[in-house]
Amino acid sequence: MGHIGNSDREYRLLQQRLDYNITGAPYSPVFIAILKLLFSTEEAELARQIPLRPTSLTVLACKLGIPVESLKYKITIMAERGLVFDLEYKGECYVVLAPVVIGFFEFIFMRTRDELPMKELAELFDQYMFQDDRFAHSIFEESTQLGRSLVREEAIFEDDYTEVLDWEKASLVITSAKTIGLSLCACRHKASHLGKSCSAPQKTCMTFGNSAELLIKKGMAEPITTAVSMMILEQCKTAGLVQIADNVQKNVGFLCNCCGCCCGMLQSMKNFNMGHAVVTSNWVVQINNQKCIGCNSCVKACPLGVISLVKGQQTNKHKKAVYEEDLCLGCGVCVTTCKFGCIQMKPREKRVLVPETTFDRMIAMAIERGKLSHFIFDDPSRFSHRALGRIASVIEKSPPVKALMAIESIKSVFCRSIIAGAKKYT
């Protein structure tokens, strides 16, 4: 560490700590500048010692040698800014260091703020996320992702509608939630500070259940009713936004209404050829070229820009819509835009695998990204955990395991075994 200047040391260590997260935080001078705007030097020193898994505030205070009330005060201040999570369970406060995404980026921009230099932060985050592909690769380079596309239920023919499972329906995600929170779309809010935001509504980000309760408590979301939530969903569909939800089957935590021009996930797919940074739905577009008159409405509507018009084989034929099936999100936006009934959704030949719970998703992401040791054995204050972490890290990165992970059927068995063991351990 001798090459790191004293003024940057704590921020560099915090960056390294954040990079242990499943979604990563690769080094960049721009990211260090972001951390300096968000954390004081003292806060950076404290934050890098907070585990990545929820830890009792009492236990953490004992390990750090800080009085509980003093630590709670510091944690509360940081939690109000969205830099750490402070959760209550059975009367006990638990603390966890927030990742960059889904984490303090969203918490900064999902509400209006007066205490932070929002324009400067927007410029820095935009540089960090899009000036090169390192950050995008740290989040999206593998197959298990944070978000998944939801097919528009109205885009499915009645005969096929029974094939859409409950967790694939935005309406069911909303109506089954006990608590719903509404926030600003972090991506469009960030873009507005750069003068780049589109005309789509901004107050469209929904959270559910425990996630909603946490954000409402911190003033980052406002509670809304199921009826209001359904009304907002319909408004977002009318505005041509695509619904992207938490990539889990049970207890879905969020539902975003995204535009192709501002959304960080969709931008990464388009700018960096990231493939499926958003998991597709179990549906895909099918275009009837006999009906298509080349009106261009579906081309404009597609959030990923994977539909285009090409000339027919005969020179006297008008252009027809074609699409790249491998890149289709299966969202159905184009179906509801076409006025001539030329497009419909068909089931994908192979169903998309969606993790059952958030824990399952995180374990799968950790395995794929070589960060299982950080997730399971993370506790910077205990040597035993560090030692176990090194062992697990070696196992993860060994050639035999990498070879096994390349074989889908074995990978599935391996993942299930790891998940079962991890659940038992934690």
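Let me start with Arg 12 and Tyr 27: in this predicted model, the charged end of Arg 12 sits over the ring of Tyr 27, at 4.2 Å from the ring centre.

Before going on to the rings, a word on confidence. The protein chain has an average pLDDT of 87, with 85% of the residues scoring at least 70. Residues 1–5, however, have a pLDDT below 50, and in the model this stretch makes four contacts beyond its near neighbours in sequence.

Now to the aromatic residues. The structure contains eight aromatic pairs, and one of them is formed by Phe 105 and Phe 109, whose ring centres lie 5.4 Å apart with 50° between the planes, which makes the pair tilted. Both residues belong to helix α6, which covers residues 100–109, and because they are four residues apart there, about one helical turn separates them. Phe 105 and Phe 109 are both buried.

Phe 109 also pairs with Phe 125, and here the centres are 5.9 Å apart while the planes meet at 80°; since an angle over 60 degrees counts as edge-to-face, that is how this pair is classed. This second pair links distant parts of the chain, with Phe 109 in helix α6 and Phe 125 in helix α7, residues 118–130, the two being 16 residues apart. Like Phe 109, Phe 125 is buried.

Which residues make up the aromatic cluster here? Phe 105, Phe 109 and Phe 125 belong to one cluster together with Phe 39 and Phe 104.

Methods. Residues are numbered from 1 along each chain as its sequence is written. This is a predicted model: local features need pLDDT of at least 70, side-chain atom pairs count only at pLDDT 80 or more; totals for chains, interfaces and linings use all residues. Side-chain values use heavy atoms; hydrogens and water are left out. pLDDT is the predictor's confidence in each residue, from 0 to 100. Contact means heavy atoms within 4.5 Å. Rings of Phe, Tyr and Trp (its six-membered ring) pair if their centres lie within 6.5 Å; planes under 30 degrees apart count as stacked, over 60 as edge-to-face and the rest as tilted. Buried means under 20% relative accessible area, exposed over 50%, partly exposed in between (1.4 Å probe, protein chains only). A charge sits over a ring if NZ of Lys or CZ of Arg is within 6 Å of the ring centre and within 35 degrees of the ring normal.
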